[in-house]
Amino acid sequence: MELLLFSIFLLLSISANSANIKLGSSLSATENSSPWLSDSGDFAFGFQQLKGQSDLFLLCIWYAKIPDKTVVWYASTDQPVPRQSKLNLTSDQGLVLTSLQGQVLWKSEPFGLGDVSQGVMSDSGSFVLQSSSSGTLWESFQDPRDTLLPSQIIERGGLLSSRQSETNYTKGRFQLRLQQDGNLVLNTINLPTDFANTPYYSTSTTDGTVPGSAGKQLVFNQSGRFILVDGNIVSAKDNYLRVTLSFDGIFVQYYHPKSWNGNVSWTTRWSIPDNICKSLLVDAGAGVCGLNSICDVNSDKRPTCVCPKGYSLLDPNDVYGHCKADFIQGCKEDELSLKKDLYEVVELTNVDWPTSDYVQLKPFNGDACKESCLQDCMCSVAIFRDGTCWKKKLPLSNGRVDSGLNSRAFIKVRKDN
């Protein structure tokens, strides 16, 4: 899918209703705490109890009228918010979140010049801190997390960051960035740093030979157009709209009807990239899935991660995480064994870990490739394709299924595993 980023995008001026919050107002992290609602009631700002956590909460903004209360913004705290924490609206610091013990967990920064006169929960979904002259000192739209809403803009240098998982709201590995050169990219970072790996998607809207070809802003306008995708517009009048950088690295536009009967959920309008398993290649890192894992995409373009036979998840609760060998392998370990025939081979087709080679053998045949890995105490996996054998050692990175490879993967597994 080709996305076109306009260098200039004019927005229609559309007034949004809002609900004013007085100085001194506060919210508490408890189940029965009433949120601050926008005038229409479409959006709420307050605390949501985290799933499966009786004493942990999230300070966030969400769609208030739909069943699943979808979160569109959240405070970037290092840890979940403990029970009975309090959010206060102050004149000199704006929003300040403190624990029961008085520790500051989060506050609205960076902050504009002047004192806050009121807070505003707007019908656009942004919470705004206003001065006495109604100027904006801070707003959630200018401090985005993983989601953009209609009328929201990202300037050059701005970004979205994914969360760790569907239920873990700490910073994840994926970013959407509008670079200073005007290029809109998707990339991973090597946590806990912000080091950005090579993009796995790019609009290529950089300063080039054509004047005005570089992207200046990322705009999600009120009509539901985000950048420009195609001619089919989903009505913002009849639907809630959002674009989200998912925890698995897929950038998706969703819509949800404002009126419905029966069970209804968000519908995907478009998503990028088409195949993240093939698009993403990290020189020094894990890829879409964890080390030693294999990435494949479903019909909805979402990635799944599986460990090969003989391997299991390092963290059983993180299906996108690293896989570990369920056996001991190594030259010294093999020498200490009384058995000579220690390993068997599990064969997979069209699977590769393209950045984990330590030797390339050519010309070669498939059976010789398999045998070479079996006899080599350094070899964990061998890939045979087009008369070439690539031998690989752990850890394996960027694992993926690719039906176009026409390859054989030989995975060495210990027999007494």
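1. Strands, as the term is used here, are DSSP runs of E with at least two residues, numbered from the N terminus. On that basis, β16 (159-163) and β17 (171-178) each contribute at least two residues to the lining of the largest pocket. The model is a predicted one, and the points below should be read accordingly.

2. Overall composition. The chain contains three helices and 34 strands. Of its 417 residues, 48% are buried. Among contacts between residues at least 6 apart in sequence, 53% join residues at least 24 apart. The chain exposes about 20,100 Å², and carbon and sulfur atoms supply 49% of that area.

3. The largest pocket. This pocket holds about 630 Å³ of space. Its lining comprises 29 residues, and those nearest the centre are Q164, R173, D318, Y320 and G321. Strand β17 gives the largest share of the lining, three residues. By class, the lining of the largest pocket consists of 10 nonpolar, 14 polar and five charged residues.

4. The second largest pocket. Here the volume is about 540 Å³. The lining is made up of 24 residues, with T70, V71, R163, E166 and Y169 closest to the centre. Strands β4 (43-49) and β21 (239-245) each provide at least two of the lining residues, and β21 has the largest share, with three. The lining of the second largest pocket divides evenly by class, into eight nonpolar, eight polar and eight charged residues.

5. One of the residues concerned is R163, whose bridge partner in β17 is K171. R163 is also among the residues closest to the centre of the second largest pocket, while β16 and β17 each supply at least two residues to the lining of the largest pocket.

6. The hairpin of β17 and β18. Strand β17 also pairs with β18 (residues 184-188), in an antiparallel arrangement with five bridges. L178 stands opposite L184 of β18. Five residues lie between the two strands of the hairpin, and G182 takes a positive phi near 90°.

7. The cavity. How many cavities of 30 Å³ or more does a search of the whole structure find? The search finds one, and about 70 Å³ of space lies within the largest cavity. Its lining is formed by I61, V72, W73, G125, S140, F141, P144, R145, T147, L149 and Q152. By class, these are six nonpolar, four polar and one charged.

8. A four-stranded sheet. An open sheet has the order β14-β21-β22-β23, and its pairing is antiparallel. Its edge strands are β14 (147-148) and β23 (267-272), each of which pairs on one side only. Strand β22 (residues 251-257) is joined to β23 by five bridges in the antiparallel sense, and F251 stands opposite I272 of β23.

How values were computed:
Residues numbered from 1 in each chain as written. Predicted model: local features only at pLDDT ≥ 70, side-chain atom pairs only at ≥ 80, totals over all residues. Heavy atoms only, no water. 1 Å grid on protein atoms, 1.4 Å probe; cavity = no way out; pocket = protein on both sides within 12 Å on 5 of 7 lines; lining within 4 Å. Points joined across faces, edges and corners; volume = space filled by probe spheres on them. Nonpolar A, V, L, I, M, F, W, Y, C, P; charged D, E, K, R; others polar. Buried < 20%, exposed > 50% of the residue type's maximum accessible area, 1.4 Å probe, protein only. Contact = heavy atoms within 4.5 Å. Areas by Shrake-Rupley, 256 points an atom, 1.4 Å probe, with all protein chains shown as cover. Pairing = 2+ DSSP bridges.
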